[in-house]
Amino acid sequence: MAKIISHRLFGDIFVSVAVLLSILSLLMFPTQSVDAAKTGLELCANVIIPSLFPFFVLSGLIVQMGLVRHLGRLLQPVMKPLFNVGGSCSAAFALGFIGGYPVGAVTAINLYKKGWCSKDEAERLLAFCNNSGPAFILGVVGAGIFSSSVIGIMLYLAHILSSVLVGMLFRFRKSKVSAVSKPVLQETETASGFASAFTDCVKNAAASTINICAFVIFFTVVIKMLFLTGVMDAASSVVAVILSPLGFNAQWAEKLLIGLIEMSSGVWSLSGAACTLTGKLSMAAFILGWAGVSVHCQVLSFIGGSGLSARTYVVGKALHGIISAGLVYIISKFFSLGQPVSHYLAQQVNDIAELDFSTALTASTVTAFAVWAVVIIISAFMIGKGYGNSRKNGV
């Protein structure tokens, strides 16, 4: 008991000191902290909101209107052997690759809350269904940082493959909870049902997007303060000593720490790194797979109150980063991937924040509607097939 109390006391003291030092750093660097917050706001306005909001609405409609039932019937032969989850979980799997962080995780949590998957399935889904979207990896990382569409495709394929491998690894995890029975929804949704579902989805999507933006702004300021106060330099030196057997120096350790905290900042910091292309690509793959503490906090904010454990999610993201980095390292050793990294986009997060709002919103909305159209077609096909079978059976 005394050990538990002492551990809690130590934790409380540590957090209190960290908070006080954070307040002092904000008072010491008021102009820089405001500028960092503005950068976070621009990033949210130009990238986060237009890219995530449509997919949050889409994922909510798919779950609330019971369309996962039809997807489940179609994809059950794929999801069960690969990941040992029901076919309804395919919604989180698909949207996790298309919508970007944290659409897949939110979809998995909603599936569990609505009873479409068990607790064990939801926790395992969180481990491999929360992934970066193709727009960020192909556009920002591939074309922007590395000036190569080939590199973007390679990173995205490695990202997908490593996520699938993590899901296959977790299929063997022994469940400590019993499966939750799935409710049987009505075959036909009324117009009023759709109107109610659409209204709820828009409101929930707005709340979720604001929640994510708050974390993005906070961690943008945190990273800036860590540099200004010298904490990042000191921590990088310590990490460099610990990881020196792996070839890490202070510069690599700094980029690793940035990526561990915030994904986009960590990836963009690689644009000015003086090291081999293979090393940069492997580091980028790890950061994209790990996703960063900022994304993890976003996911944990949705997990809170659901009863799901976050342990599987964190372990899954760590494995995702390690496997992805290993795959990219192997591939880059056997294939020539072009010229060294360009340096003209070394503004890191500032450059991402300057992306055109209308372009980002248009691309995200069109993609969301395309996915929605596919879901509708599949649902119509499954409903028609079920109706035909009923007629044959005389029902």
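How do the residues lining the second largest pocket divide into nonpolar, polar and charged? The model examined here is predicted, with pLDDT of at least 70 needed for local features and 80 or more for side-chain atom pairs, while totals for chains, interfaces and linings use all residues. Residues are numbered from 1 along each chain as its sequence is written, and side-chain values use heavy atoms, without hydrogens and water.

The lining holds 13 nonpolar residues, three polar and no charged (Ala, Val, Leu, Ile, Met, Phe, Trp, Tyr, Cys and Pro count as nonpolar, Asp, Glu, Lys and Arg as charged, the others, Gly among them, as polar). Of the 16 lining residues, Ala 18, Ser 22, Ser 25, Val 222 and Leu 226 lie nearest the centre of this pocket.

Turning to helix packing, α2 (residues 30-64) and α4 (residues 90-98) meet at an angle of about 170 degrees, their axes 11 Å apart (axes are lines fitted to C-alpha atoms over the stretch in contact, with angles from 0 to 180 degrees between N-to-C directions). The two helices are therefore roughly antiparallel, a label for angles over 145 degrees. Phe 55, Leu 58, Ser 59 and Ile 62 of α2 touch Ala 91, Leu 95 and Ile 98 of α4, where contact means heavy atoms within 4.5 Å. This contact comprises six nonpolar residues, one polar and no charged.

Technical notes: On a 1 Å grid over the protein atoms alone, a cavity is a set of points where a 1.4 Å probe fits but cannot get out, and a pocket is an open set with protein on both sides within 12 Å along at least five of seven lines; lining residues have an atom within 4 Å of a point. Helices (H or I, at least four residues) and strands (E, at least two) are DSSP runs, numbered from the N terminus. Angles under 35 degrees count as roughly parallel, over 145 as roughly antiparallel, 65 to 115 as roughly perpendicular and the rest as oblique.
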